[in-house]
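Here are my notes on this one, as numbered points. Have the model open while you read.

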Amino acid sequence: MSSELHLKDITKLLIDSKTEQEEIKAVNLLSNFYAKILEVILFKDFNATGTEVNGGLALSPKHAKDCLEDYVRTARFIKGSYKAIQKAIQIFKNKKIEIVYAGTGPLGTLLVPLLPLFSSDDITITFIDIHESSILSLKQIINHLGYKAYIKQYLVEDATIFKFKERAHLHVAITETMDKGLTKEPQVSITQNLVSQLSDKGILVPEDIEISSRKSFHAKEKAFKSNTNYIDYINPEQKDVLFSINKNMKSLETKFSFESDRKFFNQDFEDTPDICIYTKIKVFDDIFINDGEALITNPYCVKSLYALKKNTYKLQYTTINTPHWSIN
Ligand SMILES: C[S@@+](CC[C@H](N)C(=O)[O-])C[C@H]1O[C@@H](n2cnc3c(N)ncnc32)[C@H](O)[C@@H]1O
């Protein structure tokens, strides 16, 4: 069996997966597939040092490669990107779909597996990563798999500021450059830059990232890669939606900041002592990543109520310097 057919089979299994177990199994097959390619390509020494960019820290090539094993994340992003590209082909009839994938990492994990399901007559791709070694590795993988015809260009650029020469021809923009609660990594700044260059009916992947908050017992919450017995945990608090990151950021050229309404709390907070942030990702259409299903949607604790001097606070978020939350 040629490696191309093999990848197509794995991707089909992944796209058709119905349960989390099936998703994990398919992503493991994908991981083994990449491991075999890395045995034969020349460029595979990925360093573990990230790079500070405008609006966050760009994950190192090594850590970007390891994101593959955030199983539900990888499965849902591939499923969502598949649907998004199909939708773009429908919307922009008779046009070659221009896709930009910003923050590819060394494997191009979210898009390379989909290539055998599309024709290079229908789609063309710009890959961007700030790390040259990631782009060099990706280029070798593409050449090894015989997918050169799909690629428009490889760019070693900062996706928070890079401007395309021909404006507004982008049909699909894909980026996963985030950590839980939209902290640390530059997802928001990259999204702001990309959506300002999307064509009118263009599609952003992820379509929407909803950030909400509530008081909770952080250590008891469902979280990927934690051993919590979360099934028994009942939190009486409702989540408050704070803001969403999506295509409507088009008009925002400046840094993104948010401040919540003033919140008050009673002194009997032993059952919910932590101010938590929740991340829900709508990758595209009906493909979601919910709280605690992936490292990037794990609950994030901003502060313990025990550390506050008054019974009131406002939540603040900003992308200035490193994206972070604070309490005022
Ligand atoms: C979380 S990893 C994701 C890797 C891969 N796309 C995946 O989903 O498995 C983020 C990647 O985005 C890149 N990146 C982060 N900020 C960037 C920026 N401002 N410009 C270009 N690339 C960036 C990092 O170098 C890293 O390769």
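Predicted model: local features only at pLDDT ≥ 70, side-chain atom pairs only at ≥ 80, totals over all residues.

**Notes on the model**

1. Let's start at strand β17 (residues 324-327), which is where S326 sits; strands here are DSSP runs of E, at least two residues, and helices are runs of H or I, at least four, numbered from the N terminus. S326 counts as partly exposed because 13 other C-beta atoms lie within 10 Å. The cut-offs are 20 or more such atoms for buried, 12 or fewer for exposed, and in between for partly exposed, with C-beta atoms placed from the backbone.

2. Numbering runs from 1 along each chain as its sequence is written.

3. The protein splits into domain 1 (3-208) and domain 2 (211-327), with bounds from an automatic or database domain assignment. Their centres, taken over C-alpha atoms, are 27 Å apart. Across the boundary, 31 residues of domain 1 are in contact with 30 of domain 2 (contact: C-beta atoms, placed from the backbone, within 7 Å). On the domain 1 side, β2 (56-58), α4 (71-91), α6 (187-195) and β7 (198-205) each give two or more residues. Helix α4 has the largest share, 8 residues.

4. Now helix α2 (residues 20-40). Its 21 residues should span 30 Å at 1.5 Å a residue, and the end C-alpha atoms are 31 Å apart, which agrees; the expected span is 1.5 Å times one less than the number of residues. E23, A26, V27, L30 and Y34 are the buried ones. They fall within an arc of 100° seen down the axis, so they line one face of α2 (the arc is that of the directions from the helix axis to the C-beta atoms). On the other side of α2, the exposed residues are Q21, N32, A35, K36, E39 and V40.

5. Which residues are buried in α5? They are S134, I135, S137, L138, I141 and I142. An arc of only 165° around the axis holds them, which puts them on the same side of α5. That buried set packs against α2, α3 (61-66), β4 (123-129) and β5 (151-156). Turned away from the buried side of α5 are the exposed E132, N143 and H144. Just after α5, G146 has a positive phi of about 75°.

Notes. Contact = placed C-beta atoms within 7 Å.
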